[in-house]
Each structure stands twice: as structure tokens, then as C-alpha cells.
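This report walks through one protein chain, from overall fold to individual side-chain pairs. Keep the structure open while reading.

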Amino acid sequence: FYGNTVFNNLVTGVFDVQSDTQMRGWDYGTHPFNNLGTFRKSAGAGTTTIGDYYYGGVALNNTGTVEVLTGTLTLDRGRGTSDGPFSVANGTVLRFLNGSGSTHHLYPGADVTGAGTVRFSGGTTNITSTYNITGSTIVDGGTVNFNGAATMADVSNVLAISAGTAN
């Protein structure tokens with residue numbers, strides 16, 4: 001992403017990431033990736049990152065659906081907002097890195113569900129939607145504010161906090 005770049009995935013669109021890759025800005029700006037349809041990570045056992053701490057942010061603004069079906073999806077320096085749901089499959093990771101002190105807002109409707117792992121590793125994530133993860137929730141940096149209904153059901157690793165703050 002460079003200049004005044006905006007990417008719109010329309011309501012009927014499916015943006016299917018089939019590799020481990022990085023979407024980033026090259027000019028230290030913040031560029032919106034507006035997902036109105038489905039954003040899916042369906043291939044690659046490694047990490048796909050939206051945004052980049054060093055080069056500029058790509059803000060994921062989600063009113064559609066985000067599906068993590070394989071590997072890790074990292075939202076880094078996104079400063080994004082979400083009104084649409086996130087689904088995290090068993091064995092996968094959704095990571096809110098929010099580098100450089102940025103904030104990601106999950107408003108009502110941006111429900112986070114699934115049997116995978118959700119990591120909060122930097123910046124601030126404000127969740128005012130439903131959070132229902134039966135896998136692991138890891139806070140290893142930054143701040144996560146659970147302002148909606150939060151359920152963590154895996155008795156083997158309900159919530160691990162090694163750094164940062166969970167409210």
C-alpha cells in the first residue's frame with residue numbers, strides 16, 4: 001500500500017489469503033483495508049500480517065467476516081475498527097499486536113468465537129462485543145479491555161497473562 005491507497009472487499013467478495021504473507025504500507029501512512037465481505041486465511045501454517053510496525057499501518061476495518069482457518073493472522077499497527085465477527089478455528093491464532101501504541105476497536109457485532117487461540121501482544125484492544133473462545137487467550141503485552149460478555153471455556157489454559165493488562 002502506498003499513497004492514498006484504500007482496498008475495499010465488497011459485500012459479496014471473498015479475500016482469501018492462501019500463503020504466509022504481509023500487507024503493509026510503504027510510506028508510513030495508515031491505509032484502510034475495508035472488509036465488507038469475507039476475509040479468510042485458508043492456507044499457510046505460518047503468519048499472515050496486516051500492517052507493519054516499521055513501514056506504516058494497514059487498518060483492517062471489518063464489517064464483514066474474518067475467518068482464520070490455518071496458521072496465524074496478526075493485526076499489527078492496524079488502528080482498525082470492527083463491527084463484523086471473527087472466527088478462530090482450532091489450532092489457529094488470531095493476534096492483536098497493535099504496534100506503536102495503536103488501538104483496535106471491536107464494537108458490538110464483532111464477536112470473537114472459536115476453538116483457536118487469541119493473543120493480545122501490544123497496544124490496546126477494546127472489545128465491546130461477545131468474546132467466546134474455547135481455546136486459549138494469551139495476554140503477553142499491551143492492554144485488552146473486555147467490555148462485553150467474555151467466555152473462556154478451555155479448563156487447561158483459560159487465560160494466560162505474562163505481560164500487559166487484561167481488564
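Burial is judged by relative accessible area: buried means under 20%, exposed means over 50%, and partly exposed lies in between (1.4 Å probe, protein chains only). The model is predicted: local features need pLDDT of at least 70, side-chain atom pairs count only at pLDDT 80 or more, and totals for chains, interfaces and linings use all residues. Residues are numbered from 1 along each chain as its sequence is written, and side-chain values use heavy atoms, with hydrogens and water left out.

## Overall fold

The chain has 0 helices and 19 strands. Helices (H or I, at least four residues) and strands (E, at least two) are DSSP runs, numbered from the N terminus. Buried residues account for 44% of the 167 residues. Along the principal axes, the C-alpha atoms fill a box of roughly 45 × 30 × 30 Å.

The radius of gyration, taken over C-alpha atoms, is 15 Å; a compact globule with 167 residues would have a value near 15 Å, so the two agree. That globule rule is 2.2 Å times the number of residues to the power 0.38.

A contact means heavy atoms within 4.5 Å. Take the contacts between residues at least 6 apart in sequence: 49% of them join residues at least 24 apart.

## Sheet and strand pairing

Two strands pair if DSSP finds at least two bridges between them. An open sheet of 7 strands runs in the order S2-S5-S8-S11-S14-S16-S18, with parallel pairing. Its edge strands are S2 and S18 (150-152), and each pairs on one side only. Neighbouring strands of this sheet are turned by 15 degrees against each other on average, direction ignored. The axes behind that angle are lines fitted to C-alpha atoms, for helices over the stretch in contact, and angles run from 0 to 180 degrees between N-to-C directions.

Within the sheet, S8 and S11 pair in the parallel sense over 3 bridges. Glu67 stands opposite Ser87 in S11.

Other parallel pairs involve S6 (residues 47-50). S3 pairs with S6 over 2 bridges; Gln22 has Thr49 in S6 as its bridge partner. S6 and S9 run parallel and are joined by 4 bridges. There, Thr47 stands opposite Thr72 in S9.

Leu73 is found in strand S9 (residues 72-75). Is it buried or exposed? Leu73 counts as buried because its relative accessibility is 0%. Beyond residues up to four places away in sequence, Leu73 touches Phe39, Lys41, Thr48, Ile50, Val66, Val68, Val93, Leu94 and Arg95.

A nonpolar core is a set of buried Ala, Val, Leu, Ile, Met, Phe, Trp, Tyr and Cys residues joined through side-chain atoms within 4.5 Å. The largest has 26 residues, and Leu73 is among those with the most contacts inside it, as are Phe39, Ile50, Leu94, Val118, Phe120 and Tyr131. Elements giving two or more residues to this core include S7 (57-62), S8 (65-68), S9, S12 (93-96) and S15 (117-127).

Thr125 lies in strand S15. Thr125 is buried, at 0% relative accessible area. Leaving aside neighbours within four places in sequence, its contacts include Phe96, His104, Leu106, Phe120 and Val144.

## Salt bridges

Side chains of opposite charge can pair when their charged atoms come close. A salt bridge here is a side-chain nitrogen of Lys or Arg within 4 Å of a carboxyl oxygen of Asp or Glu. The count comes to 3.

| Pair | N to O distance |
|---|---|
| Asp20 and Lys41 | 3.0 Å |
| Glu67 and Arg40 | 2.6 Å |
| Arg119 and Asp140 | 2.5 Å |

Asp20 lies in the loop between S2 (14-17) and S3 (22-23), and Lys41 in S5 (residues 38-41), so their pair ties together parts 21 residues apart in sequence. Asp20 is partly exposed at 41% relative accessible area, whereas Lys41 is buried at 0%.

Glu67 lies in S8 and Arg40 in S5, so this pair ties together parts 27 residues apart in sequence. Arg40 counts as partly exposed, at 23%.

Arg119 lies in S15 and Asp140 in S17, so this pair links parts 21 residues apart in sequence. Arg119 is partly exposed at 26%, and Asp140 is partly exposed at 23%.
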